[in-house]
Amino acid sequence: MLDLFTIFTKGGIVLWCFRSTNQLFAPSVNALIKSVILQERSGVYDHDGLSLQYKLDNEFELVFVVAFQKILQLSYIDKFLSDVHLEFRDRYKNDLRVDNRNYGADFEFGADFRRILERAEKWGRQQATMPKQMRSYEDSAKSKKTVASMIERKGEEKPPAGAGSGSKKSVKIAEKKKAASELLADSDGMEAPRSPRANGSPPELGEDLIMESRKKFAEKMKGGSGGGGKGSKLEKQKSPKSPQQPQKGKQMRVWDLGGNTKDLPNLDRSKDRPEDVKSDFTPNDQIIGSMRGGIRDLDVESDSEEDDEDEDEEEEEYEEQRGGKKPSSSSRGGMFSMFKGLVGSKNLTRDDMQPALDKLRDHLIGKNVASDIAQKLCDSVAGKLEGRVIGTFDTIATTVRNTLTEALVQILSPKRRVDILRDCLEAKRAGRPFVMSFCGVNGVGKSTNLAKICFWLIENNLSVLIAACDTFRAGAVEQLRTHMRHLNALHPAERHGGRSMVQLYEKGYGKDAAGIAMEAIRYANDSKIDVVLIDTAGRMQDNEPLMRALAKLIKVNEPDLVLFVGEALVGNEAVDQLVKFNQALADYSSSERPHIIDGIVLTKFDTIDDKVGAAISMTYITGQPIVFVGTGQTYTDLKALNAKAVVHALMK
């Protein structure tokens, strides 16, 4: 059933290995180490039809890896890994100790491995065939009820069945009782007879019908004696009728901005007109040349400097009032306060770390990290620290926090080189355009950030062709045309030897987006344009026909870079969007190696303050880097992600 089981050290020394076939497992194990173990991830990892799962031993610095076919559903793997881990370390703990480490020892573990495997397989079969036991009466909530709790006493309010003290039904009944009592008290001096209880307690909830009847009776009596009786009705009938106003026919509304049908041709912007060619856009010369070279790193505001300033002000105020230096927090607590929360030189357990992990998980969720991702991060930190020996003067909370910080920085750091300018220049030397495609859900800012990236490219003397492949949304082509005019006004052709830096390739609405992209790439190749930016229509991740169309566009045109545009405002939704976009590109492509998402553009980053958890969620789920970060409304508001700054804002 198992294809591979290997035990090796964190330094790469294989201590013991079991293989059932002659298949080469080195690429799969190396991919597991690179993509999962080094990235602080957990769970099952799939690679080339194999499912791989691992367990760490941090005390002896060992890694236990099991591999089996992906199509198999083995329920005993977790138990099997734990049993092998305990058996191996207990048997060879003398050879694995730091002071007496002997990796050259003969680790004869075959017989024990087969015995543990047979026991685990037997346990798995029993779990599969064992019927689900019903819950006993002692475990049910009904058994916890006592006779005293079921006795109804007169004078006590009994909440309605299925409704708590704050339920909607109880609130409505209380409002009705309050309104009825106020009406009875203010009914023109008339007081309807009430039935006070003997002990002075309020009426029971079952008397709401009596209160409603009293309310109706009071209204009837008030209407008969006041001005709303029959006499007033007769006087109203005898009063002369006011003359009726002549009825006006329905008139057409005149809008302020051209409601006349004669103005409709002037409102049609689908075709260029002579007055539109002359743009009234006044370029801001100050931003020209500000984005040459690479993208600048993102600066995340931090309150650490403000905290330091507050501490300095408190010390100065204390010195002025007391005439001495303010004692530190450790000295104020006495001599023994410095030992509070310290852990001796012992092995960390999951129970020791659980309080700190729970607080960190809630903190991450509060910073907009998806709940599943926050739980997985805490689990990976626990797996990394479990069994590790920490110093005498290290606290558990500090150790867990520092380990999580290192893991987050490693997750956000790019795993591969992403140098778009260099790739564009290499494609230019090869005599072809560099093609980038943008995809994402509706309203995340694909067209706006495409224009920002376009400005950065022309700042570095690269000509750009924008392919208007959003043939569905009204105004999408006109939006790109406006950006093209503004960008050409910032970089006119006169400054670049008569070469137009930005062009728009569009075929109107209702056309096939894949065909328009193909024609745009062919036109850019013939016209020697350096970069092609493909703008696609926004689509929800659950819309299968539109996701098939996107997979077709990418399969047919084979862009060099596929960027997913996502908002920094969302938490759990970001994970769902990214996973389903990635899965759709893989499932709906007819290629053996489908082209999935290569990078992420994170937009609206200036609207979230320090709730930067969406960056962690998006990067963790795919492992792809965040290439660009949109932070504002101007063309220069484009940044590169600074992993340390984002993690600092996340953990503060």
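Q: Where does pLDDT stay under 50, and how many contacts beyond four places in sequence does the model have there?
A: This is a predicted model, where local features need pLDDT of at least 70, side-chain atom pairs count only at pLDDT 80 or more, and totals for chains, interfaces and linings use all residues. Residues are numbered from 1 along each chain as its sequence is written, and side-chain values use heavy atoms, with hydrogens and water left out. One such stretch is residues 187–201, with 18 contacts of that kind. pLDDT is the predictor's confidence in each residue, from 0 to 100, and contact means heavy atoms within 4.5 Å.

Q: What's the mean pLDDT of the protein?
A: It's 78, and 71% of the residues reach 70 or more.

Q: Switching topic: at what angle do helix 20 and helix 21 pack?
A: About 60°, with the axes 9 Å apart; helix 20 is residues 544–557 and helix 21 is residues 572–587. Helices here are DSSP runs (H or I, at least four residues), and strands are too (E, at least two), numbered from the N terminus. Axes are lines fitted to C-alpha atoms, for helices over the stretch in contact, and angles run from 0 to 180 degrees between N-to-C directions.

Q: Which residues make the contact?
A: Met-547, Leu-550, Ala-551 and Ile-554 of helix 20, with Lys-580, Phe-581, Ala-584 and Leu-585 of helix 21.

Q: Last one: what does UniProt list for residues 625–638?
A: An unreviewed UniProt entry has "domain: SRP54-type proteins GTP-binding" there. In the model that span is 0% helix and 43% strand, with its end C-alpha atoms 16 Å apart.

How values were computed:
UniProt positions renumbered as here; feature names shortened; annotations may be inferred.
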